Amino acid sequence: MTGPLALLDSASLYFRSFYALPESMTAPDGTPVNAVRGFTDTVARILTDRRPARLVACLDADWRPKFRTDLLPSYKAHRVAEEVPEGGDVEEVPDTLTPQVPIILELLEAFGLATAEAAGYEADDVIGALATHEKKSPVEVITGDRDLFQLVRHEPTPTVVIYVGKGWNKAEILGPAEIAEKYGVPVEHAGAAYADMAALRGDPSDGLPGVAGIGEKTAAKLITQFGSLQALLDASTAGDSRVPLKTRLRLTDAADYLAVAPTVVRVAADAPIEQSRPDLVPSEPADPAKVAELAERWNLGRSVERLLAALPKS
């Protein structure tokens, strides 16, 4: 078993497939299957190009966890379609994507590919927990979101992010050196430095306000200079002359946000994982008849054929 462990940010991949492919791709009953076909093709490309020995499709059990929104109510608030007082807010998802997700899950199950989730946590947390606790194989995280750049590391287990924000054909393989070069953070702890920089900079797409007046370049410079967000805050509180007065005032004004931002931004590596099956990539589908039935019912022909061809030969 020499290949890496591939961890898929499943929602990121099927959302991007949905928007990349036309809804004219339909099943015989007229149901759009563009996300299903695009996701299936992406998994086939991952198996063909990266040759992982193990693979887990990671899922959101809760896309907006309560432990994050309790700390920062604005977290992903702009994506809420329906508020649920007891938790589990409904995410705004295109009407024609929603019915495709169960098909994707059925197909993964029929192929014998593992899925994993954790009650009350996001897929990012599942990926973070699996990557952090992996001891046997190098890890490749496949995602279209930058949040998971925080996981890159050299040791104890080498972890890279394969960033598919511009599609698989333009995928970027990002390890510590690439993150350090791209964002100007220290290479020796690039992943942790990226998380600190992201908290300081903020991210409107996730409802993270950041610190007013501190953009990406300044955030990276400050984290590099002081080594971590906490060290920067300690220096600012102590009146360290290396922290300009204007920056100290901005950090003070954002003190409430900065007190909770690291917990919101960082993946929860202790998320309680529930995995559907062992993660070894199978050499043949677990249920060939079900694969064939799904392919016919949903008009997935060539996509399913490509995924079948991509399975490792026994």
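Me: Which hand does the crossing of α1 and α2 have?
Reply: α1 passes α2 in a right-handed crossing. Right-handed means the near helix is turned clockwise from the far one by less than a right angle; anticlockwise is left-handed. This is a predicted model, where local features need pLDDT of at least 70, side-chain atom pairs count only at pLDDT 80 or more, and totals for chains, interfaces and linings use all residues. Residues are numbered from 1 along each chain as its sequence is written, and side-chain values use heavy atoms, without hydrogens and water.

Me: Which residues make that contact?
Reply: From α1, Ser10, Leu13, Tyr14, Ser17 and Phe18. From α2, Asn34, Ala35, Gly38, Phe39 and Thr42. Contact means heavy atoms within 4.5 Å.

Me: And by class, what is in the contact of α1 with α2?
Reply: Five nonpolar, five polar and no charged residues. Ala, Val, Leu, Ile, Met, Phe, Trp, Tyr, Cys and Pro count as nonpolar, Asp, Glu, Lys and Arg as charged, and the others, Gly among them, as polar.

Me: Switching to α7 and α11. At what angle do their axes cross?
Reply: Roughly 135 degrees, and the axes come within 9 Å. Helix α7 covers residues 190-201 and helix α11 covers residues 255-265. Axes are lines fitted to C-alpha atoms over the stretch in contact, with angles from 0 to 180 degrees between N-to-C directions.

Me: Which hand is the crossing of α7 and α11?
Reply: Right-handed.

Me: What meets what in α7 and α11?
Reply: Ala195, Ala198, Ala199 and Leu200 in α7 meet Tyr257, Leu258, Ala261 and Val265 in α11. The residues of this contact are eight nonpolar, no polar and no charged.

Technical notes: Helix = DSSP H or I, 4+ residues; strand = E, 2+ residues; numbered from the N terminus.
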